Each structure stands twice: as C-alpha cells, then as structure tokens.
Amino acid sequence: MSTFNLKINGSEQQVSVDGSMPLLWVLRDHLGLVGTKFGCGIGQCGACTVHLEGRAIRSCLFSVAQVGEGEITTIEGLSEDGSHPVQEAWMETDVPQCGYCQAGQLMTASAFLAETPSPSREEIKGAMHGNICRCAAYSRINRAVELASKKITGDGQ
C-alpha cells in the first residue's frame, strides 16, 4: 500500500491503496465518486472516462500511480449545478435513455470541445466514436455535442 495525494474536482484527496489499482476503483470504492461507471474494464466502451489535466482518459486502464500531480475531473466536478454547456445541451436534446454511458459521453464531449470548440459533424462523430451507448442514442449524442459547441462559441445562441 502506498499513499497518494490526489487533486480531484478541485479538492485534495488522500488514499492508501496499491499503486497499480485502476483510478476507476479509487474514485468509486475509496472516494465514493460513483458517477464514473465501470463498463468493460478494457478501455473500449468509454463509460469510465474522466479528465486528467483536461484530457479525456479511460480510468479503468489508468493506475492511480500514473496520475502523479495531475488534476482529475470526474462527472461530479464538471459543474456543481449541471450548468456546463455540454450538460445543458444533453438535457435540451433529451439524450439520456438508460443513462449508463452518459457520464463517459459527457466527459469525452467536454474534453473534445475544450480542444475543438467549433467542430464539424465529422469531427464530432470521430471524437465520440469510442464511446458505446447500449441504447444507440448516437444521433442525439452527436446533436447534443453540436448544440454544446454553439453554446460554447456563442454561435446561434
């Protein structure tokens, strides 16, 4: 066991765990941040996506030791009140069905739009391609990312 000082959602957290433990399980089991979901465990579905220094990562594949000094943002830290443009667009577009993949979808979309605020439809499809939605809400997800882009850039709002 090692002690890790983590910066998560703007707060300092300390955990004593094996350094090889996936970040996903540290977040869920040790810190109670259960918005990040376990999907496949092999980084293929995107349900466990969080941000590390603003970059979307699959927390099931990323060990707590790999975090280092990096700032982690989970779905709980995207905004305190659901006012992030991606969250607003998700609700306005009525994306959620079962909701299981939504945290990972939102985290992927928000990291993508932070880097590419005015993407084309093809860029949106490419960025979101690695996130699996069991309900196949892909058309609504892509429309929500497009709407969030407009909210971020002020285009059309």
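Q: Which residues does Gln 105 touch, not counting residues up to four places away in sequence?
A: This is a predicted model, in which local features need pLDDT of at least 70 and side-chain atom pairs count only at pLDDT 80 or more, while totals for chains, interfaces and linings use all residues. Residues are numbered from 1 along each chain as its sequence is written, and side-chain values use heavy atoms, with hydrogens and water left out. Gln 105 lies in helix H5, where helices (H or I, at least four residues) and strands (E, at least two) are DSSP runs numbered from the N terminus. With contact taken as heavy atoms within 4.5 Å, and not counting residues up to four places away in sequence, Gln 105 touches Trp 90, Met 128, Asn 131, Ile 132, Cys 133 and Ile 141.

Q: Is Gln 105 buried or exposed?
A: Buried means under 20% relative accessible area, exposed means over 50%, and partly exposed lies in between (1.4 Å probe, protein chains only). Gln 105 has a relative accessible area of 1%, so this residue is buried.

Q: How are H4 and H7 oriented to each other?
A: The axes, which are lines fitted to C-alpha atoms over the stretch in contact, with angles from 0 to 180 degrees between N-to-C directions, come within 8 Å and cross at roughly 135°. The contact includes Val 86 and Trp 90 of H4 and Ile 141 and Val 145 of H7. Angles under 35 degrees count as roughly parallel, over 145 as roughly antiparallel, 65 to 115 as roughly perpendicular and the rest as oblique. H4 and H7 are therefore oblique.

Q: What is the order of the strands in the open sheet?
A: Two strands pair if DSSP finds at least two bridges between them. The edge strands, S2 and S4, each pair on one side only, and the pairing in this sheet of five strands is mixed. The order is S2-S1-S5-S3-S4.

Q: In S4, which residue is the bridge partner of Val 50?
A: S3 (49-52) and S4 (55-58) pair in the antiparallel sense over four bridges. They form a hairpin with two residues between them, and Glu 53 in the turn has a positive phi of about 55°. One of the bridges joins His 51 to Ala 56, while the bridge partner of Val 50 is Ile 57.

Q: At about what angle to S2 does H1 run?
A: The buried residues of H1 (residues 23-30) are Leu 23, Leu 24, Val 26 and Leu 27, and what covers them includes the strands S1, S2, S3, S4 and S5 as well as helix H2 (64-67). Just after H1, Gly 32 takes a positive phi of about 70°. H1 lies across S1, S2, S3, S4 and S5, and the angle to S2 is about 105°.
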